[in-house]
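This briefing concerns the structure displayed below.

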Amino acid sequence: MKPSTLIIIMSTVISGTMMVLISSHWLMVWIGFEMNMLAIIPILMKNFNPRAMEASTKYFLTQATASMILMLSITMNLMLTGQWTVLSNNNQITANMMTIALSMKLGMSPFHFWVPEVTQGISLSSGMILLTWQKIAPLSILYQISPSINPDLLAIMAIMSILIGGWGGLNQTQLRKILAYSSIAHMGWMAAVTTYNPTLMMLNLTIYIMITLGTFMLFTMNSSTTTLSLSHMWNKFPLITSLVLTLMMSLGGLPPLSGFIPKWLIIQELTKNDMIIMPTLMAMMALLNLYFYMRLTYATALTMFPSMNNMKMKWQFENTKKVTLLPPLIVTSTMLIPLTPIMLALH
């Protein structure tokens, strides 16, 4: 892809998301979603092959369906209220339809089937954009309509997403699919707290994006797409293997790393609202995620898979690519827990 073309496409993706973030008019929100969706497809097909074409088609069909459901709910809301304002949504049916449309865009269960397939079919850099930037716009609308959302509907989808995100990743050896199932589980955690404290959902999103960006950058540096290729990372980048270990543990929400902050605060918030069973189930199902993160850690840092290569110290001769963003991302992804009182004060 030519640099000028890439700049135009990326600016359209960014402006589409920004339009959703700053608009209070439903039509402008819908146009922002469409701009974003149509511009991301060439990025997904950057490495053109039949697998990428299939992934892009699946993504387009799912997102187009979600957009149509969203437009239907917007039109019904207009007929009932006579207003295009995002915040004027008092009808339960339209609110439920909007919730379903946005959960399809986010890849939450039971509309999660496209996420692993699309992520597996595209490159690591495109997958990074899909699992981070593409979550911002739908979650911002969920944030705005949170007072009118049916909490029971969102709670059911949240529990299902956490379960599917943990269960689906157990049998995977492809790193992109594992990160896709991880994304589904994290979307469940965010959805669980949306109706009670939307600010916590945005905090969870911020920390999730930081950790996922760092993980994708490390995998891209090593060109790792499978668990087996991760096991060769130690002889290319010996110092980075420990970073993968800490990032995986942080993504799983293990204390005292940064990924523990949103889980801790979400469980606390749900408990404050007299919900005991739901956070208990969520914490138990999070152990499934932690298991396959532990398996990745084991494959990366604690084992040496069979190899025909007698020269193990490749890192002495290889000119490794420098990633400027990586050090601050690693620090923020692992060491934010002392700042938890400040985050509590902010929300």
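The points that follow are grouped by topic, after a note on conventions.

The model is predicted: local features require pLDDT of at least 70 and side-chain atom pairs count only at pLDDT 80 or more, while totals for chains, interfaces and linings use all residues. Residues are numbered from 1 along each chain as its sequence is written, and side-chain values use heavy atoms, with hydrogens and water left out.

**Annotated segments**

- An unreviewed UniProt entry lists "transmembrane region" for residues 5-22, 60-80, 153-171, 178-196, 202-219, 239-261, 281-305 and 325-346; UniProt positions are in the numbering used here, feature names are shortened, and annotations may be inferred rather than shown by experiment.
- Residues 5-22 are 100% helix and 0% strand, with 26 Å between the end C-alpha atoms. Helices (H or I, at least four residues) and strands (E, at least two) are DSSP runs, numbered from the N terminus.
- Residues 178-196 are 89% helix and 0% strand, and their end C-alpha atoms lie 29 Å apart.

**Helix H7**

- Helix H7 (residues 136-145) is largely enclosed by the rest of the structure, because eight of its ten residues are buried. Buried means under 20% relative accessible area, exposed over 50%, and partly exposed in between (1.4 Å probe, protein chains only).
- The buried residues of H7 are Ile136, Ala137, Pro138, Leu139, Ser140, Ile141, Leu142 and Ile145.
- These buried residues pack against helices H1 (3-22), H2 (26-44), H4 (92-106), H9 (175-194) and H10 (198-222), where contact means heavy atoms within 4.5 Å.
- Ser140, which lies in H7, is buried with a relative accessible area of 7%. Leaving aside neighbours within four places in sequence, Ser140 contacts Val20 and Leu21.
- Ser140 and Leu175 are 35 residues apart along the chain, and their C-alpha atoms are separated by 28 Å.

**Cavities**

- A cavity is a set of points, on a 1 Å grid over the protein atoms alone, where a 1.4 Å probe fits but cannot get out; lining residues have an atom within 4 Å of a point. Grid points are joined across faces, edges and corners, and a volume is the space filled by probe spheres set on the points.
- There are four cavities of 30 Å³ or more.
- The largest cavity has a volume of about 120 Å³. It is lined by 14 residues, of which Asn36, Tyr59, Gln63, Gln134 and Pro138 are the closest to its centre.
- H2, helix H3 (50-81) and H7 each give two or more residues to the lining of the largest cavity, and H2 gives the most, with three.
- That lining has eight nonpolar, four polar and two charged residues; Ala, Val, Leu, Ile, Met, Phe, Trp, Tyr, Cys and Pro count as nonpolar, Asp, Glu, Lys and Arg as charged, and the others, Gly among them, as polar.
- The second largest cavity holds about 70 Å³, and its lining residues include His186, Trp189, Asn204, Tyr208 and Lys263.
- H10 gives the most to the lining of the second largest cavity, with four residues.

**Nonpolar core**

- The largest nonpolar core has 97 residues, and Trp26 and Tyr59 have the most contacts inside it. A nonpolar core is a set of buried Ala, Val, Leu, Ile, Met, Phe, Trp, Tyr and Cys residues joined through side-chain atoms within 4.5 Å.
- H10 gives the most to this core, with 14 residues.
- Not counting residues up to four places away in sequence, Tyr59 touches Met37, Ile40, Ile41, Leu44, Trp114, Val118, Leu130 and Gln134.

Conventions:
1 Å grid on protein atoms, 1.4 Å probe; cavity = no way out; pocket = protein on both sides within 12 Å on 5 of 7 lines; lining within 4 Å.
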